[in-house]
Each structure stands twice: as C-alpha cells, then as structure tokens.
Amino acid sequence: MKKLPIAVALLALVITGCRENYLAEKAFFQANKTLKSVSTADFEANPEQALAPSIEAFRKVVEKYPTSMKAVESLFAISELQVKQKKFDEARATLSKVIPDFTGRGNWASEARYRIAQLYEAEKRWDRAEEAYWETAEYHPAQQKGLYAPLYLLNRYKQLKDTAKE
C-alpha cells in the first residue's frame, strides 16, 4: 500500500512528459504542413508574405514547448525560412536563441554557432564569419563542428594563399 502513491506519482509524471512531447510533435507537424502548403508561385511573387504563416506556426511550437526538441528544430526551421526571405540578421538572432537554451543537449549549440558563421560568410562579411568559426572551435572543441571549424579556416587561407593567417 505504501508503494501505490509513489507508483501513481511516477506514472503521472511519465504520462505528463510524454503528452508534452506528443503535443510538441503534433504542433511541429502542423507547422511543416503549413510550410508545405506554400506554393512556388506565391513564394516567387512575395517570399516574405508567403513564408510568414509558416514562421508563425514554428514560433508557436517554440513558445508552447520551449524545452522540447521540436522547439530547437523549429528555431532552425525559422532561421532557414528567414534566410529565404533574405533576413540574415533575423536568422542569426533566431539561431542565437539556440546557444544558451540547448548547449548541454546534443550538438545543437555548435550547429547554431557554425550556421551563424556560414550566414556571415554568405553575406561576404568575412571578418565576422571568421570570428564565429573561431567561437565554434573554442566553445565546442569536442564536437564535430568545433573540430571542423579550424580546418575550414585553414583550407580557406590556403585557397587565398594567405600564409600569414595560415
């Protein structure tokens, strides 16, 4: 009899946690469905307006389920959509939210830092990109992107024949 309340409490905890993950998954699925409904013609005519409902749907996932893995996936999806809208500053700001919230949970933070560096590079802002690549290497030295960042920089310096930085 003494173990019954403990078992009930554990069962309630498991069910509640599973329900939140299920609801986050369901909301993420709906956001993807919204994104898939965007037609190519609408996107080409006005990308900002065409992608706005999808971005909002992914934001709802982040707001309702901030600790779920679908929240971090939604942040990356929002960032990609903002890049398609040519809103690079907003895309970087979105990725910056991943770094403090998901540092201890897998490779998300290193992936976000590396993607921020790539966005700077895409804008031809090499000084900022270089800083971001070095930050990735410094803060995530044991993860794939952290190990790859210095090699990427070295390869770039070799291509530019910049022996001083190489």
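Select Lys-70 and Phe-28 to begin: the charged end of Lys-70 sits over the ring of Phe-28, 4.6 Å from its centre, where sitting over a ring requires NZ of Lys or CZ of Arg within 6 Å of the ring centre and within 35 degrees of the ring normal. Then select Arg-156 and Trp-126, where the charged end of Arg-156 sits over the ring of Trp-126 at 3.9 Å from its centre.

Some notes on the model belong here. This is a predicted model, in which local features need pLDDT of at least 70 and side-chain atom pairs count only at pLDDT 80 or more, while totals for chains, interfaces and linings use all residues. Residues are numbered from 1 along each chain as its sequence is written, and side-chain values use heavy atoms, with hydrogens and water left out.

Now colour the whole protein by secondary structure, which comes to eight helices and zero strands; helices (H or I, at least four residues) and strands (E, at least two) are DSSP runs, numbered from the N terminus. Of the 166 residues, 34% count as buried, with buried meaning under 20% relative accessible area, exposed over 50% and partly exposed in between (1.4 Å probe, protein chains only). Among contacts (heavy atoms within 4.5 Å) between residues at least 6 apart in sequence, 49% join residues at least 24 apart.

Centre the view on Val-98, which, not counting residues up to four places away in sequence, touches Val-72, Leu-75, Phe-76, Thr-103, Trp-108, Ala-109 and Ala-112.

Ser-79 is buried, with a relative accessible area of 1%, and, leaving aside its neighbours within four places in sequence, Ser-79 is in contact with Ala-91, Thr-94 and Leu-95.

Turn now to the aromatic rings. The structure holds seven aromatic pairs, where rings of Phe, Tyr and Trp (its six-membered ring) pair if their centres lie within 6.5 Å, and planes under 30 degrees apart count as stacked, over 60 as edge-to-face and the rest as tilted. Select Phe-76 and Trp-108, whose ring centres are 5.6 Å apart with the planes at 45°, so the pair is tilted. Because Phe-76 lies in helix α4 and Trp-108 in helix α6, the pair ties together parts that are 32 residues apart in sequence. Phe-76 is buried, at a relative accessible area of 14%, whereas Trp-108 is partly exposed, at 24%.

Finish in helix α8 with Tyr-148 and Tyr-152, which are four residues apart and separated by about one helical turn. Their ring centres lie 6.1 Å apart and their planes stand at 45°, so this pair is tilted. Tyr-148 is partly exposed, with a relative accessible area of 41%, and Tyr-152 is partly exposed, with 21%.
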